[in-house]
Amino acid sequence: MTRAPVNRTRRVPRTVFEHGLIRPLFQVAFSVLEIGLKISGLHARGMRNAADTQLNRFDVSLDGLPPAFDGYTVLHMSDLHADGPVDLEASIARVLDVVEVDLCVLTGDYRYRLTGIWEEAARPMERILKHVRARDGIFGIMGNHDLGTMVEPLENAGMRMLLNDHTVLRRGDDEIVLIGLDDVHAYQSVAVAAAALSAMPQGFRILLQHSPELLDEAEAENVSLFLTGHTHGGQICLPGGRPVMTNIRSPRKYASGLWSHGRMTGYTTTGVGVSVMPLRFNSKGEVAVITLRQGRKP
Ligand SMILES: [Fe+2]
């Protein structure tokens, strides 16, 4: 499918981590930390942790879920950073090969770097997606590491990209509106994303958005389920799993796991891959398989 060129001009960074003046200091600090971890022997352990993808299956009870979708299964992956130094393909394949679902969604960040070349991400993405078995197909959105020129290769690899777009999933007479909005962390303003969301069809709405930073607008626009990522669950966490950094402007409650925000339920995955440093400590990468259930929210 041929698409019009996608405008993905980066917005002015707003988090401390992304600030143009402070970011180089973080990069120096990360480099020093990596050297220290290599000397101590912890670096190899962190890389092994990063390559150990978990399968996380759970149910989500949702008010208003159309009856025909009770038991509908959604495979959610995010933040694969597929061209990074950690070889994740074997562990992802091991998980995907035992899973068969109704729908697969990916919430952005297919490449490792923020700038420069990206072509290396296309081939591993193609190989990984061959392991996905999803009856209603594979849908994706763009993250803050992704470029508009990646859309066509990703679609050739088997994904349908929802770029401020939607699709309708049907089971008999029942419908779900699946909406994908471009990343608000670094590219699209919250106001533009909210306007795009407002123009989408009403109904039982599932939203794909790279980071949780569209919480209030999504809840106001009657989103029932908000699937997101970006945080990697902190990636490097203190013992007990408390993240050192989350890299979002939302409260930490929304940085990982299942949460509710007003009438809306959300899930922030810890992601599959890693970025900045190829390491995880006290944090697991995951492939989530979510079974939708009719009922009250947790
Ligand atoms: Fe991200």
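Student: How many bridges join strand S2 to strand S3, and do they run parallel or antiparallel?
Tutor: This is a predicted model. Strands of a sheet pair through backbone hydrogen bonds, either parallel or antiparallel. Here S2 covers residues 73-77 and S3 covers residues 103-106. The two run parallel, and the number of bridges joining them is 4.

Student: Which residue in S3 is the bridge partner of Met-77?
Tutor: Met-77 lies in S2, residues 73-77. Its bridge partner in S3 is Leu-106.

Student: Which strands are the edge strands of the open sheet of 6 strands?
Tutor: The sheet has mixed pairing and the order S1-S12-S2-S3-S4-S5. An edge strand pairs on one side only. That applies to S1 (54-62) and S5 (160-161).

Student: Is Pro-85 buried or exposed?
Tutor: Pro-85 sits in the loop between S2 and helix H3 (89-96). Pro-85 has 12, so it counts as exposed.

Student: Is Leu-181 buried or exposed?
Tutor: Leu-181 also has its place in a loop, between strand S7 (174-180) and helix H6 (190-198). The cut-off for buried is 20 or more C-beta neighbours within 10 Å. Leu-181 has 26, so it counts as buried.

Student: Which residues is Leu-181 in contact with, leaving aside neighbours within four places in sequence?
Tutor: Contact requires C-beta atoms within 7 Å. For Leu-181, the partners are Ile-141, Asn-164, Ala-193, Ala-196, Leu-197, Leu-207 and Gln-209.

Notes: Residues numbered from 1 in each chain as written. Predicted model: local features only at pLDDT ≥ 70, side-chain atom pairs only at ≥ 80, totals over all residues. Pairing = 2+ DSSP bridges. Contact = placed C-beta atoms within 7 Å.
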